[in-house]
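Here is a walk through one protein model and its ligand. Keep the sequence and the 3D view side by side as you read.

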Amino acid sequence: MIIVFEPAATAEQVQHVYDRLQEWGFTPVLQEGAQASIAITGDSSSLKAETLEAFDGVQKAVRLTQPYKLVAREFKPEGTIIERDGVKIGGKHFAVLAGPCSVETEEQYLATARAVKKSGAKVLRACIYKPRTSPYDFQGVAEKGLPWLKKAKDETGLPLCTEVMDERAIEKTLAHVDFYQVGARNMQNYDLLRALGKTDKPIVLKRGLSATVKELLLAAEYIMAYGNHDVILCERGIRTYETATRFTLDVGAVPVLRQLTHLPIIVDPSHPAGKRSLVPALSKAGLAVGSDGLIIETHPDPERAWSDAAQQLTFDQFDQLMKELRPIAGAVGRTMD
Ligand code: PEP
Ligand code: MN
C-alpha cells in the first residue's frame, strides 16, 4: 500500500498518519520529496484505502500488486535525483561516470582521472576489487590502491565509485569512497545488498547477466528496505543467444524501468559492447532512450589493460565521445553540466 499526500499536506498531517500506522502495527516508510508519501512494506491486506483516504492531507491510497514498493514509481511520482559531492544524477541531469575497468598502478590511475575530468566526467570509477569470471585472472589491487584513489580525488575533485563484493570490502573502503557499485555478478548477493542498505552512499546497482527487470527492481528494493534510498539502476547488457556483442544491451529496459520506478537509470555501454568500436553508438543509444547517465571504461593504453582490454576507450576516443554526446543531451532535454 502506498499513501500519497496532497502537495500542500503539512508535516503534522503526514506524521499523524505515520504514527497511526505504527500504532496499528504496520511498518510505514516515509518519503519526504516534493509530494510526501508513505509505503507500507509488510502485509497491509487488512487496511482499507477508504480508511486512509479519510485522513486530512491524504490524496489517495493505492494498493500495489507488484512485490516491490519503495522502488515503485507510485512511491515518488516526481522521480529521484541523486545528489552527492555536487554531482546530480536524474531529472534533467545526465552524468557520465568514467575511469578504468581496474585500478592498476598509481600512474595509470592518475592519468585516467585527469583525462576523464578534463573531458567532463562527473564520477570516477575506482575499482580495486574485481569480480572476474576466472579465478586465475587479475583480481584487483585491493587496499594497495587506496592512496592512489585519494590522490586522484584530491587532484580532480571527482567523487569515487568503487565495486564491493562483501562486507569486509565495505569496511575497508567506507572512509575512502563516495559511491558503491554492485556488479552484475552480485546483483542477487542479498547479504551485500543488506549491508549496502545500511550505508549512506549512493549505490550503482548493475543488472545481473540473466536478471529480469523485476529481479533488478527487487534487488534495489533490498537496499532501500534497509534504509538507503539512493540507488541508481544500471543496464549493462544481458545474456542472449547473440554472440556478435559481448552482451545484448537491453535498451528497451530503460523506458520500461522509467515507467515502473522513480530511481535514476544509467547505461553501461562498455560491457555489452565488448569492443571499443561499438562503445560510442551504444552510449548514444543509452542517452537517446532516456537514461540518466553512462558508465564508460577508459584507459591510457587500453591494449595493455589488465582487464577488459578490448572495450576500454583511449582518452582521445572518450573525449570525442563526450563532445558528440553533448548536442544529443540538449536535443533530449538533458544537461551534462
Ligand atoms: C565492471 O564494471 O568492470 C564490471 C565488472 O561490470 P559488470 O559487473 O557489469 O560485469
Ligand atoms: Mn570491466
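Predicted model: local features only at pLDDT ≥ 70, side-chain atom pairs only at ≥ 80, totals over all residues.

Strand β11 covers residues 203–206, and strand β12 covers residues 231–235. The two are joined by 4 bridges and run in the parallel sense.

Now step back from that pair to the sheet around it. Here 8 strands close into a barrel. Follow them in the order β7-β8-β9-β10-β11-β12-β13-β14. The pairing is parallel. From one strand to the next, the twist averages 25°. As a rule, strands of a sheet pair through backbone hydrogen bonds, whether parallel or antiparallel.

The other sheet to visit is open. It holds 4 strands, in the order β2-β3-β1-β4, and the pairing is antiparallel. Which strands stand at its edges? They are β2 (28–31) and β4 (58–62). Each has a single partner strand, so one side of each is left without a neighbour in the sheet. Within that link, Ile2 has Val62 of β4 as its bridge partner.

Turn next to the ligand. The space that ligand 1 takes is the largest pocket. Which residues surround ligand 1? They are Cys101, Arg125, Lys130, Gln181, Gly183, Ala184, Arg185, Lys206, Arg236, His271 and Glu297.

Three of these side chains can be followed down to atom pairs. Arg236 places a polar side-chain atom 2.7 Å from an oxygen atom of ligand 1. For Arg185, an N or O atom of the side chain is 2.8 Å from a ligand oxygen. In the side chain of His271, an N or O atom lies 3.2 Å from an oxygen atom of ligand 1. How much of ligand 1 does the protein bury? Taken alone, ligand 1 exposes 300 Å², and the protein buries 96% of that.

Methods: Residues numbered from 1 in each chain as written. Chains lettered and ligands numbered in written order. Heavy atoms only, no water. Pairing = 2+ DSSP bridges. Near = heavy atom within 4 Å. Polar contact = N/O pair within 3.5 Å; in protein donor to acceptor, adjacent residues only side chain to side chain. Areas by Shrake-Rupley, 256 points an atom, 1.4 Å probe, with all protein chains shown as cover. 1 Å grid on protein atoms, 1.4 Å probe; cavity = no way out; pocket = protein on both sides within 12 Å on 5 of 7 lines; lining within 4 Å. Sits in = over half its atoms within 2 Å of the grid points. Axes fitted to C-alpha atoms, helices over the stretch in contact; angles between N-to-C directions.
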